[in-house]
Amino acid sequence: MLDDFNFRIIFEYLPLFLTGLRNTFFISIVSIMLALMTGTIACACRISSIKLLKYPAIAYIEIIRSTPLLVQIYFLYFGLPTLGLRVPEIQTGIIALMLNSGAYIAEIIRAGITSVDDGQIEAGVSSGLNYFQRMRFIILPQALGATVPPLLGQAIVLVKDSALLSLISVMELTRCGQTMTSERFMPTEAFLTVAFFYMCIYFCLKSLADWSQKKLIFREAY
Amino acid sequence: MMAFYFSRLVEIFPFFLKGLWMTTQIAFISLFTCTILGFVLGILRSGKNKITKRLIGVYVSFVRGTPFVVQVFIVFFILPEWGIQLKAFPAALLAMAIMGSAFICEIVAGGINSISKGQWEAGTVSGLTLIQQLRLVIIPQAMKVILPPLVGQYVLLIKDTSVVSVIGVMELTRVGWVTVMRIPEGLMVFSLVGALYFVISYPLILLSNYLERRMAI
């Protein structure tokens, strides 16, 4: 099946793939940082008791979670110009990934916070701790342990999702595979190489997630 | 101008319904095949045979480690090199089946592994065959663990059908993409596409939330 697998062509295209890999890294890291911020804010709004913050947050989270990422990307890619905004593709992509992952991260953080037992909060109140002290000393240390592994899982999903940016011609890893296929018509070499690079990223993040699962989940939180 | 485009969009709305129908078709067929394949693989993965376990493990980490777009390209562009020529629609279904079954396999294997060993032993002692043990003792209990993430996975699968638009299957996202070339109102066109996806997947999200609450002890 792979008798005529051509390694030479891969070496020839290696610089292109490395550029793609670098862009994928860049996009993923920037978007996960922004998504963490968006997610934290969205989660804070979601659990607050102020209706004006709560309902928009719910709408944002549910709309993002029930539409495909590709539709969100196209929405921004074709939609922003009609609003008169000329945004480069890569930034459009990062905004789309940020908004998408932000909604999922908001739900992850919320699950972590609500997993802390009510009795803990009551104990904090009766010990005379104020809201921020309770958050700092009681809720967050316990919630964080439960949050880190799923957050790393979301990071894995985000790296894979960044492949969809190839469809709005962002020069990342998958796009390099497409470029090589259209230039030389060697899809086997191109896409297996792309898959190989993604697998490498996946295994790094996966082992990190497994390690954090072991380290953090069963740790006594106090 | 906006109103003009809006009336144009209303005019071609049947086109969107056609796309929605295609999306539903792909979604239903692949949910069905993925569930069956996923259960078979999941049961094998939680079994005792080391070699099948390893092989399924490799398959699962390949699928989980690569983006779905890349898998679609592999199915659509690489299989013809090996003499398997597929049209866009069957290729899309095959890619969906490969992707979905790996994720469902993990969910099922996790559910089965959560059942304590004593249940298997009790089954053996009662003289049940392996199939009977699975069908009567293990799976009914494991379902409690399996069901909420399974429905969640269904939602993800329905959303992932949008990706097969890249190989030219005329489903909802592709319809939106084609339309936006004629009606340059991206916000309007893709709001409509998003709303149609919302209609299919939001009920399933609610079901998944309900099951999660219901099954939590």
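Chain B has nine helices and zero strands, where helices are DSSP runs of H or I with at least four residues, strands are runs of E with at least two, and both are numbered from the N terminus. Keep in mind that this is a predicted model: local features need pLDDT of at least 70, side-chain atom pairs count only at pLDDT 80 or more, and totals for chains, interfaces and linings use all residues. Residues are numbered from 1 along each chain as its sequence is written, while chains are lettered from A and ligands numbered from 1 in the order in which they are written.

**Chain B overall**
- Going along the sequence, you read α-α-α-α-α-α-α-α-α.
- The C-alpha trace of chain B spans about 75 × 45 × 25 Å along its principal axes.
- Of the 217 residues in chain B, 39% are buried (20 or more other C-beta atoms within 10 Å of the residue's own; 12 or fewer is exposed, in between is partly exposed; C-beta atoms are placed from the backbone).
- Take the contacts in chain B with a separation of 6 or more: 79% of them come from residues 24 or more positions apart. A contact here is two residues with C-beta atoms, placed from the backbone, within 7 Å.

**Where A meets B**
- On chain A, 31 residues are in contact with 32 residues of chain B.
- Helices α3 (51-65), α4 (69-82), α8 (173-184) and α9 (187-217) of chain A each supply at least two residues of that side, and α9(A) gives the most, with nine residues.
- By class, the chain A side has 20 nonpolar, eight polar and three charged residues (nonpolar: Ala, Val, Leu, Ile, Met, Phe, Trp, Tyr, Cys and Pro; charged: Asp, Glu, Lys and Arg; polar: the others, Gly among them).

**A helix pair in chain A**
- Helix α5 (residues 89-114) of chain A packs on helix α7 (residues 131-161) of chain A at an angle of about 155°, with the axes 8 Å apart.
- α5(A) and α7(A) are therefore roughly antiparallel (an angle over 145 degrees).
- Residues making the contact include Leu97(A) and Tyr104(A) from α5(A), and Ala143(A) and Pro150(A) from α7(A).
- This contact has 13 nonpolar, five polar and one charged residues.

**The largest nonpolar core**
- Among the 109 residues of this core, those touching the most other members include Val194(A), Val72(B) and Val164(B). Such a core is a set of buried Ala, Val, Leu, Ile, Met, Phe, Trp, Tyr and Cys residues joined through C-beta atoms within 7 Å.
- Helix α5 (residues 88-113) of chain B gives the most to this core, with 15 residues.
- Leaving out residues up to four places away in sequence, Val164(B) touches Ile26(B), Val72(B), Ala92(B), Ala95(B), Val169(B) and Glu171(B).

Conventions. Axes fitted to C-alpha atoms, helices over the stretch in contact; angles between N-to-C directions. Parallel < 35°, antiparallel > 145°, perpendicular 65-115°, else oblique.
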